[in-house]
Amino acid sequence: MRLAALIKKEALAILHSRIMMIIVCAVPFVQIFVFSYAASMEVKNVHLGVLNLDGSEASKQIIRNIETSSYLSELRIVKSYEEGKNLMVRDEILGFLAIPQNYSRGGNIALFLNGRHSNSAQLVSGYISQSAIATSSNGSGALHSSASYSGGGVASGISSYKSASQADLQTNGYALPSSEPNTNTNLQTNSNSAMDNDSAHQNSAGKTIVTRVLFNPNLDNFNWIVPNLFCLIVVFMAIILTAMSVVRERENGTLEQILVSPLSVNDIMLGKLIPALIVSIFQSVIILTIAKFFFLVPVVGSMWLLYLGLIVFSFCICGIGLLISVFSKTQQQALLWAFVFLLPSVVLSGFSTPVTNMPGWLQYASKLIPLSYQIDLIRAIFLKDISFIQAMQKIIPLFVFGMISITLAQLFFRKMVLK
């Protein structure tokens with residue numbers, strides 16, 4: 001009964017706080033809708049230039065293939081290398097395609113990209129290479145190599161040619177661009193010769209590679225970003241609710257009333273934990289419904305494993321939030337520590353970039369981030385389906401993190417609050 005009374009008191013404190021109600025009721029749903037559309041790794045509305053010095057049917061076909069691409073917003077015709085370079089300097093185009101005069105006789109295409117937008121540059125390079133290879137395989141023209149260049153000195157033309165050596169470029173009469181942004185660079189001289197050693201895509205064998213994408217066949221952006229946001233929103237809600245709980249009592253002067261009551265330290269910790277845990281699970285159910293029926297994200301795996309992982313993960317984050325709340329002297333300090341926890345969690349969890357892309361020591365550090373386990377678990381259940389044993393490999397570490405956090409919160413509560 002005493003614990004139930006504390007749980008009721010904590011729930012009423014959340015309901016009667018206008019700021020907490022906004023955070024609980026409005027923020028998660030704004031986040032899931034806005035971030036699902038905004039946090040996209042797809043490349044769209046790209047502005048490109050094209051310099052066609054060949055004028056053959058094969059070169060025109062490449063341009064037509066690129067013009068019909070869904071990622072392209074504008075394809076601007078440029079009349080010289082210098083004009084293309086200047087457009088890149090002013091950030092009016094992401095890059096430009098240079099088709100040389102001898103392309104129809106077996107020449108190579110040059111693709112110059114703005115390295116300041118490295119992710120978009122890499123994706124656009126792949127798109128354009130596919131368009132060029134499709135043209136070549138149809139017999140309309142020969143494509144021996146496709147090169148993409150990027151780097152920091154975009155204003156000087158192109159920063160560097162990583163695949164071809166400097167000696168080869170100078171031997172073939174190609175002037176290397178300067179690292180200084182205002183230096184005039186000759187991009188035109190024998191550019192085909194410079195790229196003979198840089199074959200990124202070749203079709204010389206006449207073979208076709210058939211690609212099959214598993215688990216997300218259409219590469220739908222929502223299918224991977226919505227499960228990630230699902231985890232992130234749960235973290236945000238659970239950590240904020242619990243990080244404010246104990247310190248709010250301290251600021252309002254009601255902590256002393258709780259301490260003189262017959263409640264034990266365990267009762268106080270559970271009374272602060274359970275309401276936040278219930279709110280987090282309730283929000284998660286609503287977000288899951290939105291993900292499934294609005295964004296049409298498939299849930300291939302077991303629903304009970306999904307909810308089990310969700311409950312354990314919420315317990316883990318609420319435990320960390322309680323630990324933050326015990327340490328904090330004010331609510332502003334609690335919010336600061338909460339965001340100190342959230343930032344590395346997002347960066348190191350694999351939310352937007354794979355953990356395997358990180359240095360080895362950061363990959364080990366990511367194993368100390370609860371969010372990384374939950375993201376792996378949710379992705380697997382949503383898109384792949386996993387066994388109970390595989391799910392436990394992610395759920396058990398979360399439970400361990402939660403128990404450690406709750407235990408530390410109890411110990412420090414006795415030491416710092418009851419002293």
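What percentage of the 419 residues of the protein count as buried? The share is 48%, where buried means under 20% relative accessible area, exposed over 50% and partly exposed in between (1.4 Å probe, protein chains only). This is a predicted model, in which local features need pLDDT of at least 70 and side-chain atom pairs count only at pLDDT 80 or more, while totals for chains, interfaces and linings use all residues. Residues are numbered from 1 along each chain as its sequence is written, and side-chain values use heavy atoms, with hydrogens and water left out.

**Overall make-up**

- The protein has 16 helices and 5 strands; helices (H or I, at least four residues) and strands (E, at least two) are DSSP runs numbered from the N terminus.
- Of the contacts (heavy atoms within 4.5 Å) with a separation of 6 or more, 77% are between residues 24 or more positions apart.

- Tyr37 and Phe295 form a tilted pair, 5.9 Å centre to centre with 55 degrees between the planes; planes under 30 degrees apart count as stacked, over 60 as edge-to-face and the rest as tilted.
- This pair links distant parts of the chain, with Tyr37 in helix H2 and Phe295 in the loop between helix H11 (265–293) and helix H12 (303–327), 258 residues apart.
- Tyr37 is exposed at 52% relative accessible area, whereas Phe295 is buried at 4%.
- Phe33, Tyr37, Phe222, Phe294 and Phe295 make up one aromatic cluster.
- A nonpolar surface patch of about 570 Å² accessible area is formed by Val30, Phe33, Val34, Phe35, Tyr37 and Phe294.
- Val34 belongs to helix H2 (residues 18–38) and is partly exposed, at 43% relative accessible area.

**Helix H9 and Ser245**

- Helix H9 (residues 245–252) has Ser245, Val246, Val247, Arg248 and Glu249 as its buried residues.
- Ser245 has a relative accessible area of 0%.
- A polar atom of the Ser245 side chain lies 2.6 Å from the backbone oxygen of Thr242.
- Leaving aside residues up to four places away in sequence, Ser245 touches Glu10, Lys272, Leu322 and Ser325.

Conventions: Patch = residues over 30% accessible without salt bridge, like charges linked within 9 Å, V, L, I, M, F, W, Y side chains within 5 Å. Areas by Shrake-Rupley, 256 points an atom, 1.4 Å probe, with all protein chains shown as cover. Salt bridge = Lys/Arg side-chain N within 4 Å of Asp/Glu carboxyl O. Phe/Tyr/Trp six-rings, centres within 6.5 Å; stacked < 30°, edge-to-face > 60°. Polar contact = N/O pair within 3.5 Å; in protein donor to acceptor, adjacent residues only side chain to side chain.
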